Amino acid sequence: MDPAADSAYELLSQYSHSFMVSQVLFAACELGLFDLLAEAGEPLSSAAVATGLGTSPHGTELLLDTCASLELLTVETGAGRALYRNSGLASSFLTRTSPTSQLHMLRYLSNTTYPCWAHLAAAVREGRPQYSRAFGVPSQDLFAAIYRSEAEQLCFMRGLQEVWAVHGRAVMTAFDLSSFPVICDLGGDFFKDPLPAADLYVLARVLHDWTDDRCSHLLARIHHTCKPGGGILVVESVLREDGRGPLTTQLYSLNMLVQTEGRERTPAEYCRLLSSAGFQDFRMKKTGCTYDAMLARK
Ligand SMILES: C[S@@+](CC[C@H](N)C(=O)[O-])C[C@H]1O[C@@H](n2cnc3c(N)ncnc32)[C@H](O)[C@@H]1O
């Protein structure tokens, strides 16, 4: 093969095997590998890890060496044996006791998002979420499908919070919010319940769940309750103006297809939704992280 075909094939191979990388990460978390290594306080051999986790020696060795190649573990070799410890990435994000742990989000991605993505082609064909194919529950009542059990709801909510332990500061400091003494972070059934009085309403990762019509309905409710001079802060992963990136946001948009009624949007689309609801002075700040902040006023 010529070099161009070689590199094209390499890219294809990387894309087609990426799911295996996710599964290594999910399995290692599910088995408690990173917690075992954190709690051991010293690097462990493959045999000690297998004993600690109650896993097969052969499977454990393969998993550990793959985790080391993925930079989830570091490995020290000498005297004919290998000893494993958590990498910085694993210590920060993959252990139960770390303040920036992402373990609930990873469990949610593994147990809920991944089975829905197994039906991506069907989602594209039909243009709707895939809970019925993935879990045998009807998708018509999205709330009931998303929050299928208390355990599921708790895992999802904890996972959502874990992301803010990493990105929250960048998002909440993007604008000077000191002129808003009372800030209300909207959640729950904001389509029906009366909205509390506040100077600023935060809608974080909410509009991306909904169609334009539902977003307009919600924004009109907020505008109605908002005092003149009050504001709305919308926090979302925002597409480039031409909609062609960033890739992470495009993947999130496909995720909205398989799991919700919504999609990720461009700055102009958010501006249009907010303006149609009566909000003015739309401003957007890119934070450099996955989520950006948009502020508008009544
Ligand atoms: C993706 S969560 C975002 C939570 C939080 N703002 C964050 O960024 O972590 C979506 C929010 O929409 C609310 N919600 C209201 N109606 C809903 C519905 N029918 N289906 C799903 N979520 C709904 C949930 O209670 C939840 O607070």
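View 1. Helices (H or I, at least four residues) and strands (E, at least two) are DSSP runs, numbered from the N terminus. Along its principal axes the C-alpha trace spans about 70 × 45 × 40 Å, and buried residues (under 20% relative accessible area, with a 1.4 Å probe and protein chains only) make up 41% of the 298 residues. Of the contacts (heavy atoms within 4.5 Å) between residues at least 6 apart in sequence, 59% join residues at least 24 apart. Residues are numbered from 1 along each chain as its sequence is written, and side-chain values use heavy atoms, with hydrogens and water left out. Because this is a predicted model, local features need pLDDT of at least 70 and side-chain atom pairs count only at pLDDT 80 or more, whereas totals for chains, interfaces and linings use all residues.

**View 2. The crossing of helix α6 (residues 103-117) and helix α10 (residues 150-172).** The axes of α6 and α10, which are lines fitted to C-alpha atoms over the stretch in contact, come within 7 Å and cross at roughly 130 degrees, with angles running from 0 to 180 degrees between N-to-C directions. That angle makes α6 oblique to α10, since angles under 35 degrees count as roughly parallel, over 145 as roughly antiparallel, 65 to 115 as roughly perpendicular and the rest as oblique. Residues of α6 that meet α10 include Leu 103, Met 105 and Tyr 108, and among their counterparts in α10 are Phe 156, Leu 160 and Val 163.

**View 3. His 104 in helix α6.** His 104 is partly exposed, with a relative accessible area of 21%, a class that lies between buried and exposed, the latter meaning over 50%. Leaving aside residues up to four places away in sequence, His 104 touches Cys 155, Arg 158, Gly 159 and Glu 162. The C-alpha atoms of His 104 and Glu 162 are separated by 7.5 Å, although these residues are 58 residues apart along the chain.

**View 4. The two sides of helix α13 (residues 267-276).** Pro 267, Tyr 270, Leu 273 and Leu 274 are buried in α13. They cover an arc of only 130 degrees around the axis, so they lie on the same side of α13; the arc is that of the directions from the helix axis to the C-beta atoms. On the other side of α13, Arg 272 and Ser 276 are exposed. The buried residues of α13 pack against α11 (212-225), β6 (231-236), β7 (280-285) and β8 (292-297).
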